[in-house]
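Subject: The model, and what turned up in it

Hi,

Here is the structure I promised to hand over.

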Amino acid sequence: MAPKPQLRIPATYMRGGTSKGVFFRLEDLPEAARVPGAARDALLLRVIGSPDPYGKHTDGMGGATSSTSKCVIIGPATQPGHDVDYLYGQVSIDSAFVDWSGNCGNLSTAVGPFAIANGFIDPARLPDNGTFAVRVWQANIGKTIVVHVPVANGEVQETGDFELDGVTFPAAEIVLEFIDPSDDGEAGAMFPTGNLVDDLDVPGVGTLRATMINVGIPTVFVNAADIGYAGTELQDTINGDAKALAMFEAIRAHAAVRMGLIDDIAGAATRQHTPKVAFVAPPADYVASSGKAIAARDIDLNVRALSMGKLHHAMMGTCAVAIGTAAAIPGTLVNLAAGGGTREAVRFGHPSGTLRVGAEARQADGRWTVTKAVMSRSARVLMDGAVRVPG
């Protein structure tokens, strides 16, 4: 029996924010992969090169980090008032698992340019020069994202002088608006426990003060000092420490139960993408991974966050939404680390530098809500054509 030729699937490899991934149009996928299920997951795993016991993704498009093991599927809008549907898959590196439980805020940036370049937007609607607001339905979490894409000569403008810490080269600035980003779905209110701060019991670790919030992406915040850190750590300090990683996973798992995301601790293994765990500290000087000196006077607080079991090299966009929102609500650990009080924007330090995010939060009838979170990112096509997958 002759071996089957490789499948050839049209695809675009894109950077969005501090992440990159393989983008597909829904219609270009093999028929069996156009719907959720085992066939779709198997395809995306093979595209990325997972599961890879070597942890290198040598035989796939992945980059062997949580920031670069991602796939995106873009289809026609199914919701009124939107331009496209956006579905995001976080592909595990060392196991045969695709997590569809959350969004990627960084890759959200690239959805707008992809939609314009791939015919989802009527060219007659585009300005010759200016900005076009692509309304995106984020299908994983059922939320609206407005991606303000710069346009030059009727096409997406990718080059520019906007610099984003965590990305080596400048590009055109893209403003993201996350509309009504709090999660009132499977886990209930924005603060699922009903409290701004809780005592979280973690066997083997202790009882930690924690802010658990469902906005942008479900996130649990703890104080850096309570777990023995300064909040200025870089990746090597934590990612090479197996004991520390086990501690963070224990915190994440027990928070997931308290947040109502899973029924018991065992469920954390099948929900790796969410919730995120992050630790916060007041502003302090440090040197970013690029060698850039970050001064305490230039930031409101320091935040470090883990994604897929590892300290992130910068900051997940969705977690930045959670940071901005929590900072705007007096009394959360994030707000207290930033000095307390009310604020509409916050600039925080992360391993690669700094990021500013704004949020509009308000309280009504004792319940906090957030109407919008805003940040600037950039995106760029790295390669387009077709990805090959063994048949």
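Arg40 lies over the face of Trp100, with 5.9 Å to the ring centre. Tyr286 has an arginine over its face too: Arg304, at 4.6 Å from the ring centre. For a charge to count as sitting over a ring, NZ of Lys or CZ of Arg has to be within 6 Å of the ring centre and within 35 degrees of the ring normal.

Some housekeeping before the rest. This is a predicted model, so local features need pLDDT of at least 70 and side-chain atom pairs count only at pLDDT 80 or more, while totals for chains, interfaces and linings use all residues. Residues are numbered from 1 along each chain as its sequence is written, and side-chain values use heavy atoms, with hydrogens and water left out.

On to the aromatics. The structure holds four aromatic pairs. Rings of Phe, Tyr and Trp (its six-membered ring) pair if their centres lie within 6.5 Å; planes under 30 degrees apart are stacked, over 60 edge-to-face, and the rest tilted. One of the pairs is Phe23 with Phe114, which is tilted, at 5.5 Å centre to centre and 40° between the planes. Phe23 lies in strand 2 and Phe114 in helix 2 (residues 105-117), so this pair ties together parts that are 91 residues apart in sequence. Helices (H or I, at least four residues) and strands (E, at least two) are DSSP runs, numbered from the N terminus. Both Phe23 and Phe114 are buried, where buried means under 20% relative accessible area, exposed over 50%, and partly exposed in between (1.4 Å probe, protein chains only).

Phe248 and Phe279 make a stacked pair, because their ring centres are 5.5 Å apart and their planes are at 20°. That pair links distant parts of the chain, with Phe248 in helix 4 (residues 242-258) and Phe279 in strand 13 (residues 276-281), 31 residues apart. Phe248 is buried at a relative accessible area of 2%, and Phe279 is buried at 0%. Together with Tyr229, Phe248 and Phe279 form one aromatic cluster.

Next, the pockets and cavities. On a 1 Å grid over the protein atoms alone, a cavity is a set of points where a 1.4 Å probe fits but cannot get out; a pocket is an open set with protein on both sides within 12 Å along at least five of seven lines, and lining residues have an atom within 4 Å of a point. Grid points are joined across faces, edges and corners, and a volume is the space filled by probe spheres set on the points.

The largest pocket has a volume of about 870 Å³. It is lined by 38 residues, and the closest to its centre are Ala64, Thr65, Ser66, Ser67 and Thr68. Helix 4 gives the most to this lining, with three residues. By class, the lining of the largest pocket has 13 nonpolar, 18 polar and seven charged residues. Here Ala, Val, Leu, Ile, Met, Phe, Trp, Tyr, Cys and Pro count as nonpolar, Asp, Glu, Lys and Arg as charged, and the others, Gly among them, as polar.

The second largest pocket comes to about 270 Å³. Of its 18 lining residues, Thr12, Phe114, Ala117, Asn118 and Asp384 are the closest to its centre. Strand 1 provides the largest share of that lining, four residues. The classes in the second largest pocket are ten nonpolar, three polar and five charged.

The largest cavity holds about 80 Å³ of space, and the closest to its centre among its 13 lining residues are Glu249, Arg252, Val277, Leu306 and Gly309. Helix 4 contributes the largest share of that lining, four residues. The lining of the largest cavity splits into six nonpolar, four polar and three charged residues.

Lastly, two loop residues. Thr18 sits in the loop between strand 1 (7-16) and strand 2 (19-25), and counts as buried because its relative accessibility is 7%. Leaving aside neighbours within four places in sequence, Thr18 is in contact (heavy atoms within 4.5 Å) with residues including Ser67, Asn106, His312 and Arg377. Gly340 is in the loop between helix 6 (333-337) and strand 18 (345-350), and is buried, with a relative accessible area of 17%.

Cheers
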